[in-house]
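Please read it alongside the sequence and the model.

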Amino acid sequence: DDRSNEWRVDTDEYAMTGDNTLSEVEMAFIDTKLRERFNLKRANEYEEADAIRDGLRGKYGVNVDDRTKEWSQDSEFVGAVSEDAVENLVG
């Protein structure tokens, strides 16, 4: 329990830890979604923020630790970014 926020990192930047099988495009997409999720949480839009977390978990095997602002990928996941995701990232 961290009610005094001693272990809270207050930034929208998440660090990747461990090994992963992701391309640079996938890493950029995940980074963008994590920043979006951070901003949604700041705006108390928890359901939308959780939907992003769950989507990243389901598609890429991403585990997010909000306390330390770190994320990692489960080793059994190998994913590909959809064309729609790339369009949203680039466009």
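## The hairpin of β2 and β3

Lys-69 takes a positive phi near 55° in the hairpin of β2 and β3, a hairpin with four residues between its strands. Strands here are DSSP E runs of at least two residues, and helices are H or I runs of at least four, both numbered from the N terminus. The model is a predicted one, in which local features need pLDDT of at least 70 and side-chain atom pairs count only at pLDDT 80 or more, while totals for chains, interfaces and linings use all residues. Residues are numbered from 1 along each chain as its sequence is written, and side-chain values use heavy atoms, with hydrogens and water left out.

Strand β3 (residues 70-73) runs antiparallel to β2 and is joined to β2 by four bridges; two strands count as paired if DSSP finds at least two bridges between them. Among the residues facing each other, Val-64 has Trp-71 of β3 as its bridge partner, and Asn-63 stands opposite Ser-72 in β3.

## The sheet and its helix

Three strands form an open sheet of mixed pairing, in the order β1-β3-β2. Its edge strands, β1 (15-16) and β2 (62-65), each pair on one side only. Helix α2 packs on this sheet, touching β2 and β3, and its direction makes about 145° with that of β2; such angles run from 0 to 180 degrees between N-to-C directions, with axes fitted to C-alpha atoms, for helices over the stretch in contact.

## The nonpolar core

The largest nonpolar core has 13 residues, and those with the most contacts inside it are Ile-30, Leu-34, Leu-56, Tyr-60, Val-62 and Trp-71. A core of this kind joins buried Ala, Val, Leu, Ile, Met, Phe, Trp, Tyr and Cys residues through side-chain atoms within 4.5 Å. The elements that give two or more residues to this core are α1 (24-42) and α2 (46-60), and α1 supplies the largest share, five residues.

## Asn-20 in its loop

Asn-20 lies in the loop between β1 and α1 and counts as partly exposed because its relative accessibility is 24%, where buried means under 20%, exposed over 50% and partly exposed in between (1.4 Å probe, protein chains only).

The side chain of Asn-20 reaches the backbone nitrogen of Leu-22 at 2.9 Å. Leaving aside neighbours within four places in sequence, Asn-20 is in contact (heavy atoms within 4.5 Å) with Met-27 and Gln-73. The C-alpha atoms of Asn-20 and Ser-75 are separated by 6.7 Å, although these residues are 55 residues apart along the chain.

Terms used:
A polar contact is a pair of N or O atoms within 3.5 Å; within protein, one must be able to donate a hydrogen and the other to accept it, and residues adjacent in sequence count only if both atoms are side-chain atoms.
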